[in-house]
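Reader: I am new to this structure and would like to learn how to read it. Could you take me through it one feature at a time?

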Amino acid sequence: MNLHAAARRALPAAMLAGAAAVGVLACSTSSDTASSGDQAQTSTTSTSAAPVNQGATVVAKEFAFDPTPEQIKAGQTVTWKNEGNSTHQVGAVVDPATGQRLFSSEPLRPGDSYVFSFAQPGTYNYICVIHPDRMQAQVVVAP
């Protein structure tokens, strides 16, 4: 086999590898994962890749969350997307027993999103930490 024929055979494999690399880059997001008890959270500032156990999407826009309440099953996630013009920050209502929030995003600029996975059934009240008097909502997690 001559060098020209070998190059023609290698070209499709190289193109496939390059396409795979581009696909990985296109689907990557900047995320941080933390754990709080049995709950796992993922903060995301890109909407190019959907979480594996996607349960629901809530939109923050015009100083409201939509829909509320949102209902999912244990083990599923909620993705909050900021589709408004203001910065918002999603956070669970502070637990009076511990003084802590179960989850809290970084400030979400317009276009940003935040993902949290709910492991345990229950009713979870949350707010926009920046606009707590105007933006309040709830996630109901079924077994």
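Author: Gladly. Let us begin with accessibility: a residue is buried under 20% relative accessible area, exposed over 50%, and partly exposed in between, with a 1.4 Å probe and protein chains only. Pro69 has 42% relative accessibility, so it counts as partly exposed. Please keep in mind that this is a predicted model, where local features need pLDDT of at least 70 and side-chain atom pairs count only at pLDDT 80 or more, while totals for chains, interfaces and linings use all residues. Residues are numbered from 1 along each chain as its sequence is written, and side-chain values use heavy atoms, with hydrogens and water left out.

Reader: What is Pro69 in contact with, leaving aside its neighbours within four places in sequence?

Author: Contact means heavy atoms within 4.5 Å. By that rule, Pro69 is in contact with Gln138 and Val140 once those neighbours are set aside. As for Val58, 11 residues from Pro69 along the chain, the two C-alpha atoms are separated by 9.6 Å.

Reader: How many helices and strands does the protein chain have?

Author: Helices (H or I, at least four residues) and strands (E, at least two) are DSSP runs, numbered from the N terminus. Here there are 1 helix and 10 strands, and the pattern along the sequence is α-β-β-β-β-β-β-β-β-β-β. Of the 143 residues in the protein chain, 29% are buried. Among contacts with a separation of 6 or more, 53% are between residues 24 or more positions apart.

Reader: What should I look for in the backbone?

Author: Most residues other than glycine have a negative phi, and most peptide bonds are trans. The bond from Asp66 to Pro67 is cis, with omega near 0°, and Thr68 and Pro69 are also joined by a cis peptide bond, with omega about -5°. Pro67 lies in the loop between β4 (64-66) and β5, and Pro69 is found in the loop between β4 and β5.

Reader: Which residue other than glycine has a positive phi of about 55°?

Author: That is Glu62, placed in the loop between β3 and β4. Its relative accessibility is 57%, so Glu62 counts as exposed. Phe63 has a positive phi too, near 60°, and its place is in the loop between β3 and β4. Phe63 is partly exposed, with 24% relative accessible area.

Reader: How do I read the way strands are joined?

Author: Two strands pair if DSSP finds at least two bridges between them. β5 (residues 70-73) and β10 run parallel, joined by 4 bridges, and Lys73 stands opposite Ala142 in β10. β9 and β10 run antiparallel with 6 bridges; there, Ile127 has Gln136 as its bridge partner in β10. β6 is joined to β8 by 5 bridges, again in an antiparallel way, and Thr79 stands opposite Val115 in β8.

Reader: Why is β8 largely enclosed by the rest of the structure?

Author: Because 4 of its 5 residues are buried.

Reader: How many residues are in the largest nonpolar core?

Author: A nonpolar core is a set of buried Ala, Val, Leu, Ile, Met, Phe, Trp, Tyr and Cys residues joined through side-chain atoms within 4.5 Å. The largest one has 21 residues, and those with the most contacts inside it are Phe65, Trp80, Val90, Phe103, Phe118, Tyr126 and Val139. At least two core residues come from each of β3 (54-61), β6 (77-82), β7 (90-92), β8 (113-117), β9 (122-128) and β10 (136-142). Beyond its neighbours within four places in sequence, Val90 has contacts including Phe65, Trp80, Phe103 and Tyr126.

Reader: And how is empty space found?

Author: Rolling a probe the size of a water molecule over the atoms shows where empty space is left. On a 1 Å grid over the protein atoms alone, a pocket is an open set of points where a 1.4 Å probe fits, with protein on both sides within 12 Å along at least five of seven lines; lining residues have an atom within 4 Å of a point. A volume is the space filled by probe spheres set on the points, which are joined across faces, edges and corners. The second largest pocket has a volume of about 190 Å³. Its lining has 10 residues, and Val93, Asp95, Gln100, Arg101 and Leu102 are the closest to its centre.
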